[in-house]
Protein chains: 2
Amino acid sequence: MGTPDFIEHLDFLRKEIDKALKKLPIKKNSSEFEAPIMYALKGKGKRIRPILTHLAGKAFEADPEDLINAGIAVELLHNFTLVHDDIMDGDLIRHGQDAVHVKWDEPAAILAGDGIFVLAQLSLGRIREGTLKAHRCFNESALEVCEGQAMDLNFASDSEIGLNDYLEMIEKKTGSLLGCAAQLGGILGSQDEKTCESLKSYGRNLGKAFQIQDDILEIFSDPESMGKSLGSDVLTEKQTVLTLIAKKDNATEWKKKSAEARKLQIDDRLSFLREYFEQNGIRMKASLLAEQTAEEARTSLGVVPESRRNELEAFTSMILERKN
Amino acid sequence: MGTPDFIEHLDFLRKEIDKALKKLPIKKNSSEFEAPIMYALKGKGKRIRPILTHLAGKAFEADPEDLINAGIAVELLHNFTLVHDDIMDGDLIRHGQDAVHVKWDEPAAILAGDGIFVLAQLSLGRIREGTLKAHRCFNESALEVCEGQAMDLNFASDSEIGLNDYLEMIEKKTGSLLGCAAQLGGILGSQDEKTCESLKSYGRNLGKAFQIQDDILEIFSDPESMGKSLGSDVLTEKQTVLTLIAKKDNATEWKKKSAEARKLQIDDRLSFLREYFEQNGIRMKASLLAEQTAEEARTSLGVVPESRRNELEAFTSMILERKN
């Protein structure tokens, strides 16, 4: 989980990122535009994406100012998708505060998201090394994130989707941007195509593994230590890695069991599903999938010279070894 | 209004632009993401922004492929704002077909707009000359367009706004992108700062003059030749150049008259307001404002060498001399 020194270093980075976010070039007189944007950005985000850009770029001696600008761009892109996704998904709370469309209204939230995305592009426009490559990497990733969200929206009304569709969706929706965050470090550090592609692959698998773990923790973690409301995926009957492995393994049995589960109160439903996932080896398969994906991520880190890999390895462990 | 040759040339350009829009790099397998985007782009847009980029760039011998890519970026940015604005404003029809949020739903329309904006950035990323300047010009303009839309949304619930606020709003919401379209021609044609700034100023004033005229035509044009529903601003009591000049000239009288107007059926209300605007010189003042703004636009065109100014002048006249 990282040494005290490393954790302190991440705290320092997080503060630098928050400081940079406060200095965005928004005109102060257009407050009806600015306020929802600043509100969205002051939420308690973990800033793992810009931290990843920083650590990856630092391993290749990239310019620190470039790394801040690129990292801010990635963080803004992430926040733009959160503001819009919360409208689309009807989510009311984000980063411990009301979502923008709740605090204001939908038009204000649509516009705030749009504005945050433009600010992301402007921040990206301030980098001085590898600008064209960075621009392409960034916007190709943005397109994938949108595609992933479209798949996610579509999955809600499509009972035919399988585990592979789901894995493709999370790779686009979550993996793509972490891949971009890591790849930008290589681009800004003037690394060749092969190194940049490996960093991208590292970030994508890290994101995928993170998301698979999130699905597992959502139903299996200790409710008191899990920040978000436990079992909300179960309540909304969202497809997750667990439900899709269950379906893949034995569709008839899973159909029967999930119909039974639906009749139970939420607490009983959670216990019932936990037991089913445990006893049929579904939890184990999901954990194995997370581990394999994490291993692929770690392998891709091999392109970073061993003497400079420490921080990225500590970061990877920190992301993947959380228990809640 | 342009010679037959010029009109034919514009038709040719429009077809080239439509062709390029059909070749956008969207993955064909993600149809739930792609379909609303392609639908939004196949509407009967006039494509005046990419045409402007083309004509401005051609005057400075910019690379034609760069001009197509930059023009497509501007057209996509325009369409992104239309898709989102239609949600925010509750508009149901766009370019002669159902708006995206009507044909699909709000989540699909939010995502389609986001996707179109990403495609705009990717198209911009394909230009080879003046990339950094083009990127900055483009995204600064995008930010202004968002600010303008925020002002417009805010104005609906703010009776305190005056003529100058309104002119600032339309300069941002409409002028800014036409300014960017023209400026990109100069940037891609490797022109100096002064020339690029003049082109920007030309486009901004062209957009402003266009919008002022639009407000006038909305209430004064021949209903049969006006494409959009005549008097819809009156019906929704939207602030326009005419209502704001009326308020500025005589606030008490205007308050009284607009209260009277509100009691009338729509046809009578239109006639009543037309008469008021005519008799009190309000229509004349609005027309004068449009003409002065158009004149400022034409003056800025002075930076283009006289021998290459023809097409831009014909284009300006075509935009500003429409009667409906």
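How many salt bridges does a search of the whole structure find over all chains? I got 43 salt bridges when I searched the whole structure, over all chains. A note to myself before going on: this is a predicted model.

**Entry 1: one salt bridge to picture**

Side chains of opposite charge can pair when their charged atoms come close. I picked one such pair to look at. A:Arg204 sits in helix H9 of chain A, residues 193–220, and A:Glu171 sits in helix H8 of chain A, so this pair ties together parts that are 33 residues apart in sequence. The closest N and O atoms of A:Arg204 and A:Glu171 are 3.0 Å apart, and the cut-off for a salt bridge is 4 Å.

**Entry 2: the two domains of chain A**

Next I looked up how chain A is divided. Domain 1 covers 1–181 and domain 2 covers 192–308. The contact between them takes 22 residues from domain 1 of chain A and 25 residues from domain 2 of chain A. I also noted the distance between the domain centres, taken over C-alpha atoms, which is 22 Å.

Then I asked about area. The two domains of chain A bury about 2100 Å² between them, and 65% of that is on carbon and sulfur atoms. Which three residues supply more than any others of the area that domain 1 buries against domain 2? I found A:Phe60, A:Leu163 and A:Tyr166, which together supply 28% of it.

**Entry 3: what holds my eye between the domains**

I counted 4 salt bridges between domain 1 and domain 2 of chain A. For polar contacts between these two domains, the count is 9 residue pairs. On the side of domain 1 that touches domain 2, the elements giving two or more residues are helix H7 (131–155) and helix H8 (163–188) of chain A. H8(A) has the largest share of that side, with 10 residues. Sorted by class, this side of domain 1 has 10 nonpolar, 6 polar and 6 charged residues.

**Entry 4: chain B against chain A**

Now for the second chain. I superposed chain B on chain A with a rotation of 180° and 0.0 Å of shift along its axis, at an RMSD of 0.0 Å. The two copies are therefore related as by a two-fold rotation axis. The same surface serves both copies, since 97% of the contact residues of chain B recur in chain A.

I then looked at the interface itself. In it, 38 residues of chain B are in contact with 38 residues of chain A. The two chains bury about 3400 Å² between them, 75% of it on carbon and sulfur atoms.

How many salt bridges does the rule find across the interface of chain B and chain A? It finds 0 salt bridges there. For polar contacts across this interface, I noted 3 residue pairs.

**Entry 5: which helices of chain B take part**

Helices H2 (31–41), H4 (64–89), H6 (106–124), H7 (131–155) and H8 (163–188) of chain B each supply at least two residues of the side that touches chain A. H7(B) gives the most to that side, with 15 residues. By class, I listed 19 nonpolar, 10 polar and 9 charged residues on the side of chain B that touches chain A.

Key. Residues numbered from 1 in each chain as written. Chains lettered and ligands numbered in written order. Predicted model: local features only at pLDDT ≥ 70, side-chain atom pairs only at ≥ 80, totals over all residues. Heavy atoms only, no water. Domains from an automatic or database assignment. Contact = heavy atoms within 4.5 Å. Buried area = accessible area lost by both parts, 1.4 Å probe. Salt bridge = Lys/Arg side-chain N within 4 Å of Asp/Glu carboxyl O. Polar contact = N/O pair within 3.5 Å; in protein donor to acceptor, adjacent residues only side chain to side chain. Helix = DSSP H or I, 4+ residues; strand = E, 2+ residues; numbered from the N terminus. Nonpolar A, V, L, I, M, F, W, Y, C, P; charged D, E, K, R; others polar. Least-squares fit on C-alpha atoms with pLDDT ≥ 70 in both.
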